[in-house]
Amino acid sequence: MAAQPISLALQGGGAHGAFTWGVLDYLLEEGSLDIKAITATSAGAMNAVALAYGYAVNGRGGAREVLEAYWRDVSQRGAPLAAASSMSPAFGPFTPFAMFQALTNVASPYDLNPFDYNPLKQTLRKIIDFDVLRAETEIDLFIAATNVETGKARIFKTNEITEDAVLASACLPQVFKAVEIEGTPLWDGGYVGNPALYPLFYADVPKDILIVHINPLIRKGTPKTASAILDRLNEITFNASLVSELRSIAFVQKLLDENWLADRMQSRYRRLFIHAIRADQQLCKLSIETKYETSWRFLTELKNRGRDAAQTWIADHRGVVGTKSSVDIKDEFLDNLS
């Protein structure tokens with residue numbers, strides 16, 4: 001059976017992006033899907049450029065190698081923080097993460113990080129040749145960042161993707177200074193598109209879209225502690241734009257299904273097939289603190305969870321790719337909303 005072309009949509013979520021690494025690793029190894037386009041944000045953007053660059057250099061095997069090299073370097077650069085975190089019992093309730101979080105509540109990165117140190121910059125510089133990526137990749141890339149001044153999404157297409165564009169997509173404003181590109185300050189793209197689906201609506205890319213989630217949509221129960229409340233608020237915030245876009249897709253699907261559009265209008269809208277690898281069960285027990293956990297043990301554990309999730313999805317849904325959606329958007333993402 002020939003590989004089925006597909007578009008990917010990769011969420012951001014810090015170190016939890018290692019779950020997506022596992023999903024991608026399995027899809028590349030299994031080989032029944034042909035990745036033609038990726039829209040991504042933050043950690044998803046890191047995974048996207050690593051995959052696209054590796055694929056351009058040496059096919060599926062190269063993509064898997066570069067993805068592993070990226071995450072291994074992230075782990076190595078985060079080793080000093082991981083060592084401090086392992087000593088957290090000595091701090092009582094004031095873990096390194098808790099102290100850092102308290103500091104960012106009262107001081108900005110312009111005070112705490114005046115030299116704008118960002119280990120991800122060094123990792124990208126070591127692992128990715130962006131000149132080769134732009135010139136040689138055949139995968140259409142769409143990387144989202146947030147325009148600080150307008151609050152709108154800035155989408156970087158393949159020929160525009162640089163080290164700064166990817167860093168902007170992952171620029172948490174509490175941690176790093178805004179990344180300026182052509183005089184425009186940019187923050188993490190997750191605030192306006194996590195990931196942004198609309199670039200896939202208008203591009204000549206596969207109509208099957210596989211969304212890889214790393215922010216649980218569903219978490220049972222009401223959070224009661226300050227940290228649990230913050231965790232859930234972050235998840236809701238970083239899922240809001242995606243849910244909004246899925247609502248739009250469901251609405252257009254309904255217009256097409258019920259022939260509400262005039263013939264002259266139907267050609268302007270594409271029928272999209274939506275698929276999803278959810279992370280609710282695999283990641284719902286992890287706190288926001290673990291999004292900064294970079295130990296190799298933790299990252300490879302998430303990778304293995306991602307591989308398992310991808311294997312299950314391929315077994316259950318590979319057969320419908322190219323013919324229909326494997327998720328009901330209204331039932332799975334929008335509840336009882338009409």
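Before we start, a word on labels: helices are DSSP runs of H or I with at least four residues, strands are DSSP runs of E with at least two, and both are numbered from the N terminus. With that in hand, hello everyone, and let me show you around this chain.

What you see above is a predicted model, in which local features need pLDDT of at least 70, side-chain atom pairs count only at pLDDT 80 or more, and totals for chains, interfaces and linings use all residues. Residues are numbered from 1 along each chain as its sequence is written, and side-chain values use heavy atoms, with hydrogens and water left out.

First, the overall picture. The chain has 14 helices and eight strands. Of its 338 residues, 51% are buried; here buried means under 20% relative accessible area, exposed means over 50%, and partly exposed is in between, with a 1.4 Å probe and protein chains only. Next, contacts, meaning heavy atoms within 4.5 Å. Among the contacts in the chain with a separation of 6 or more, 78% are between residues 24 or more positions apart.

Let's move to helix α2, residues 43–77. Which helices does α2 cross? One of them is α6, residues 119–127: the two axes come within 9 Å and cross at roughly 145 degrees. Axes here are lines fitted to C-alpha atoms, for helices over the stretch in contact, and angles run from 0 to 180 degrees between N-to-C directions. The crossing of α2 and α6 is right-handed.

For the classes, Ala, Val, Leu, Ile, Met, Phe, Trp, Tyr, Cys and Pro count as nonpolar, Asp, Glu, Lys and Arg as charged, and the others, Gly among them, as polar.

The other crossing to show you is with helix α13, residues 296–317. The axes of α2 and α13 also come within 9 Å and cross at roughly 145 degrees, and this crossing is right-handed. Here R64, E68, W71, R72 and S75 of α2 touch W296, L299, K303 and R307 of α13. The classes in this contact are three nonpolar, one polar and five charged.

While we are on α2, have a look at A63, which lies in this helix. A63 is buried, at 0% relative accessibility. Leaving out residues up to four places away in sequence, A63 touches L28, A50, L51, G54 and Y55. Its C-alpha is 9.5 Å from that of V49, which is 14 residues away in sequence.

Back to α6 for a moment. At the start of α6, a side-chain oxygen of N118 comes within 2.9 Å of the backbone nitrogen of L120.

Now for some backbone details. S42 has a phi near 55 degrees, positive in a residue other than glycine, and sits in the loop between β2 (33–41) and α2. E182 is not a glycine either, and its phi is about 55 degrees; E182 is in the loop between β5 (179–181) and β6. Are these residues buried or exposed? S42 is buried, at 8% relative accessible area, whereas E182 is exposed, at 74%.

Further along, the peptide bond from N194 to P195 is cis, with omega near -10 degrees. P195 is in the loop between β6 (184–188) and α9 (198–202).

One last stop: T146, in strand β3, residues 140–147. T146 is buried, with a relative accessible area of 6%. A polar atom of its side chain lies 2.7 Å from the backbone oxygen of D188. Beyond residues up to four places away in sequence, T146 touches several others, among them P185, L186, W187 and D188.

That's the tour, and I'm happy to take questions.

Methods:
A crossing is left-handed if the near helix is turned anticlockwise from the far one by less than a right angle, and right-handed if clockwise. A polar contact is a pair of N or O atoms within 3.5 Å; within protein, one must be able to donate a hydrogen and the other to accept it, and residues adjacent in sequence count only if both atoms are side-chain atoms.
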